[in-house]
Amino acid sequence: MLRIFSPDHRYQTWRKLWVVLAEAERELGVPIRAAQIGELKKNIESIDYDAVRREEEKLKHDVMAHIRVYASQCPKAAPIIHLGATSMYVVDNADLILTRDALMLIQRQLVNVIDVLAKFTQKFAGEPTVAFTHFQPAQFTTVGRRAALWLQDLLIDLEEIESRIKGLRFLGAKGATGTQASFLNLLGSEEKVRKLDKSVAKRMGFNGLFPVTGQTYSRKIDSQIYNTLSGIAESAHKFSNDLRLLQHKGEIQEPFGKKQVGSSAMAYKQNPMKTERMTSLSRLVMVLSQNGSFTAANQWFERTLDDSAGKRIAFPEAFLAVDAILGLFHTTVSGLLVHRDVIRANVERELPFI
């Protein structure tokens, strides 16, 4: 996840987008030479970040800073970099690529957690335990059936994340206000403009395109992604709280290392540190999701820049937090300690009343 949101991955993706734009334009008749495209490809990975920083300090524009540095490395291709495009061609399309990659990583991690939790559920399917409503002893359930509640939430999350991946579309080459006017001037026909849009998307691994946009893709997409991540955090928070309560009762305990220290003052304590951390990170993700809602609601007309600065912090942080949550989730479930004697004693104690 750190690699996906790293500067190298992001800005190399910008350069790949400039390459595929030039390739598609050349195929549609724009006078771009193969040697120019070859020069661009040769320098995709050699980003001089110090030079970019110096340019951005002067220009106060990150995309133009990257264009100038890329052009200085590719003198033959300099005139055709970013031809007909606006900044959001690289910024938004790259964000969609990073989002797709990050969602697919979360999907795999979620499947791994579901796998170990399903095995736990099956193993303890017949182990009676006291069920609680209002955190008061109610009737009986089994340890496995309670775990199936956690499992079902994760399956709902998996359906949601698969839906988001399947439905993710590409901004494509839409121009300054979404009208594609610059590309119509460049290519000369609406048919070629449509072909350019589809070609760029396909080269970057997308089949679907947004049919209408402003300068940016709709920020409702970001809001939906935040909510999907928040949904996973909600499920993890529910599991974490339940397990912390069960550990308090001495029934089920998260794994605790042989040399692990639970307290600096009380050596006998085995605090539920992993699930407490999961709870804390889950709250962070749920709060970050509000950023997407406010941003989507406050976009003016074809675009406004107040969508950018907060997203650059909140979006990667939400993915990184969920990445950490699912890692903790997997480790915790894989090493759960089930104290059957305590569970059975609690069942015997409540049996006469129930």
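Where is the place of Gly178? Gly178 is found in the loop between H6 and H7.

## Basis of the report

This is a predicted model, in which local features need pLDDT of at least 70 and side-chain atom pairs count only at pLDDT 80 or more, while totals for chains, interfaces and linings use all residues. Residues are numbered from 1 along each chain as its sequence is written, and side-chain values use heavy atoms, with hydrogens and water left out.

## The loop between H6 and H7

Helices (H or I, at least four residues) and strands (E, at least two) are DSSP runs, numbered from the N terminus. The loop that holds Gly178 also holds Thr177, and it lies between helix H6 (143-167) and helix H7 (181-187). Gly178 is buried, at a relative accessible area of 16%, whereas Thr177 is partly exposed at 40%. Here buried means under 20% relative accessible area, exposed means over 50%, and partly exposed lies in between (1.4 Å probe, protein chains only).

Thr177 and Thr86 are 91 residues apart along the chain, and their C-alpha atoms are separated by 8.9 Å. Gly178 and Gln109 are 69 residues apart in sequence, and 36 Å apart in space from C-alpha to C-alpha.

## Two residues with positive phi

Most residues other than glycine have a negative phi. Lys60 has a positive phi near 55°. Lys60 belongs to the loop between helix H3 (49-59) and helix H4 (62-73), and is exposed at 67% relative accessibility.

Phe135 is not a glycine, yet its phi is positive, at about 55°. This residue lies in the loop between strand E1 (128-133) and strand E2 (136-142). With 44% relative accessibility, Phe135 is partly exposed.

## Aromatic rings

The structure contains 13 aromatic pairs. In one of them, the ring centres of Phe315 and Phe319 are 5.4 Å apart and the planes stand at 85°, so the pair is edge-to-face. Rings of Phe, Tyr and Trp (its six-membered ring) pair if their centres lie within 6.5 Å; planes under 30 degrees apart count as stacked, over 60 as edge-to-face and the rest as tilted. Phe315 and Phe319 are separated by about one helical turn, because they are four residues apart in helix H11 (residues 309-334). Phe315 is buried at 3% relative accessible area, and Phe319 is buried at 0%. Elsewhere, Tyr11, Trp14, Trp18, Tyr49 and Tyr70 form one aromatic cluster.

Charged side chains also meet rings. Lys311 lies over the face of Phe315, 5.2 Å from the ring centre. The charged end of Arg219 sits over the ring of Tyr217, at 4.6 Å from its centre. A charge sits over a ring if NZ of Lys or CZ of Arg is within 6 Å of the ring centre and within 35 degrees of the ring normal.

## The packing of H5 and H11

The axes of helix H5 (residues 87-123) and H11 come within 9 Å and cross at roughly 20°, which means that H5 is roughly parallel to H11. Axes are lines fitted to C-alpha atoms, for helices over the stretch in contact, and angles run from 0 to 180 degrees between N-to-C directions. Angles under 35 degrees count as roughly parallel, over 145 as roughly antiparallel, 65 to 115 as roughly perpendicular and the rest as oblique.

H5 passes H11 in a left-handed crossing; a crossing is left-handed if the near helix is turned anticlockwise from the far one by less than a right angle, and right-handed if clockwise. The contact of H5 with H11 has 15 nonpolar, five polar and three charged residues. In this classification, Ala, Val, Leu, Ile, Met, Phe, Trp, Tyr, Cys and Pro count as nonpolar, Asp, Glu, Lys and Arg as charged, and the others, Gly among them, as polar.
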